[in-house]
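This briefing is meant for someone meeting the structure for the first time. It begins with the whole chain and then turns to single elements and residues.

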Amino acid sequence: MQFFFDFTIDGLALWAVLLTCAGVFLASFMDAIAGGGGIISVPTYLLAFHGLPTYYALGTNKLSSGIGTCFSTARFIKNGYVRWWLAAPSIVFALVGSVLGTELQHHTPDVVLKYLLLVVLPVVAVVTLRTRTWPDTPGDISRRKQAAIVWGASLLIGAYDGYYGPGTGTFLMIVFIRLAKLDTRTAAGGVKVVNLSSNIGSLFTAWQAGYVLFGVGLIAAVFSILGHYLGAGLAIKNGSKIVRPAVILVLILLTVKVISELLFPEFWA
């Protein structure tokens, strides 16, 4: 029993590492299905990393989530649910948007976006709830219009990701399905590709700054891989039957997170 309390990895107690692994698994499972895994994993890291600067929690989370996302992305690609003529340019637009969003963040208080989200999130939730079924087959839309919507969303939501972040994959899913008329599985595959590129960029930045604890991050990555692999399998097998409820859950959790940040900012500092 004493070993349990005395053993550390990267200066963290064993119980904190195990807590992190459990949270990362749950977050990765949800992320592979509907995006939004950071809503669970980031608070888990913050709790485990109590006393360390937040940058370490965010940077190490990028390591574990990025490695896990590789596996869910590969599973969607293997099953043919990525349209590269749409996805490849989306990567570029998302990266550009992320850089612009980060720059904007440095010049404006993020509380502005949090209040804006409190208005936007209920509207998004109502739209999602009113659509009782999500398509398992693509809708009727021209390639030009579809490309404009997907690439535009990648730029704008990529900027949101750079500015704030949580729920990025979920917002992309909703736009790709509702407006770009992609089927649920192909939309999820496209989201994974975009999210993976964003994760790699963020991880590289955090690593360069020295804010990644590789011991904890690599252990948690094992659980991230498992969560992403299982979640992607369920999304591919069940399509809209599981993705739509998961998206609704993410929207609820994101609303709770935004409100908690406004009411208890000291926890997220």
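The model is a predicted one, and its secondary structure comes to 12 helices and two strands.

**Overall architecture**

- Read from the N terminus on, the elements follow the order α-β-β-α-α-α-α-α-α-α-α-α-α-α.
- The radius of gyration is 18 Å, close to the 18 Å that the globule rule gives for 269 residues, so the protein is as compact as a globular protein of that length.
- Taken along the principal axes, the box filled by the C-alpha atoms has dimensions of roughly 60 × 40 × 35 Å.
- When contacts between residues at least 6 apart in sequence are considered, 81% of them join residues at least 24 apart.

**Surface and interior**

- Of the 269 residues in the protein, 51% are buried.
- The accessible surface comes to about 12900 Å², and carbon and sulfur atoms account for 70% of that area.
- The largest nonpolar core holds 49 residues, and the ones with the most contacts inside this core are Phe171, Met173 and Phe176.
- Another core, of 13 residues, lies apart from the largest one, and its members include Val17, Val42, Leu46 and Val216.
- For Met173, once neighbours within four places in sequence are set aside, the residues in contact are Ile33, Ala34, Trp134, Thr184, Ala187, Ala188, Val191 and Val243.

- Helix H3 spans residues 38–48 and is mostly covered, with nine of its 11 residues buried.
- Those buried residues are Ile39, Ile40, Ser41, Val42, Pro43, Thr44, Tyr45, Leu46 and Ala48, and among them Val42 and Leu46 also belong to the core of 13 residues.
- Phe49 sits in the loop between H3 and helix H4, which covers residues 54–78.
- Because its relative accessibility is 2%, under the 20% limit, Phe49 counts as buried.
- Although Phe49 and Ala13 are 36 residues apart along the chain, their C-alpha atoms are separated by 9.7 Å.

**Gln146 and Lys181**

- Gln146 has its place in helix H7, which runs over residues 143–163, and at 4% relative accessibility Gln146 counts as buried.
- Leaving out neighbours within four places in sequence, Gln146 is in contact with Arg83, Trp85, Leu86, Ile141, Ala180, Lys181 and Leu182.
- Lys181, one of the residues that Gln146 contacts, lies in the loop between helix H8 (168–178) and helix H9 (184–209).
- In contrast to the buried Gln146, Lys181 counts as partly exposed at 34% relative accessibility.
- Most residues other than glycine have a negative phi.
- Lys181, however, has a positive phi of about 60 degrees although it is not a glycine.

- Pro89 lies in helix H5, residues 84–105, and with a relative accessible area of 25% Pro89 is partly exposed.
- Not counting residues up to four places away in sequence, Pro89 touches Trp84 and Trp151.
- The C-alpha atoms of Pro89 and Ala32 are separated by 21 Å, and the two residues are 57 residues apart along the chain.
- Phe214 is found in helix H10, residues 214–238, and counts as partly exposed at 37% relative accessibility.
- From C-alpha to C-alpha, Phe214 and Phe71 are 19 Å apart in space, while in sequence they are 143 residues apart.
- Ile259 belongs to helix H11, residues 240–263, and at 37% relative accessibility Ile259 counts as partly exposed.
- Along the chain Ile259 and Tyr115 are 144 residues apart, yet the separation between their C-alpha atoms is 8.9 Å.

Technical notes. Residues are numbered from 1 along each chain as its sequence is written. This is a predicted model: local features need pLDDT of at least 70, side-chain atom pairs count only at pLDDT 80 or more; totals for chains, interfaces and linings use all residues. Side-chain values use heavy atoms; hydrogens and water are left out. Helices (H or I, at least four residues) and strands (E, at least two) are DSSP runs, numbered from the N terminus. The radius of gyration is taken over C-alpha atoms; the globule rule is 2.2 Å times the number of residues to the power 0.38. Buried means under 20% relative accessible area, exposed over 50%, partly exposed in between (1.4 Å probe, protein chains only). Contact means heavy atoms within 4.5 Å. Accessible areas come from the Shrake-Rupley method with a 1.4 Å probe; for residues, only the protein chains shown count as cover. A nonpolar core is a set of buried Ala, Val, Leu, Ile, Met, Phe, Trp, Tyr and Cys residues joined through side-chain atoms within 4.5 Å.
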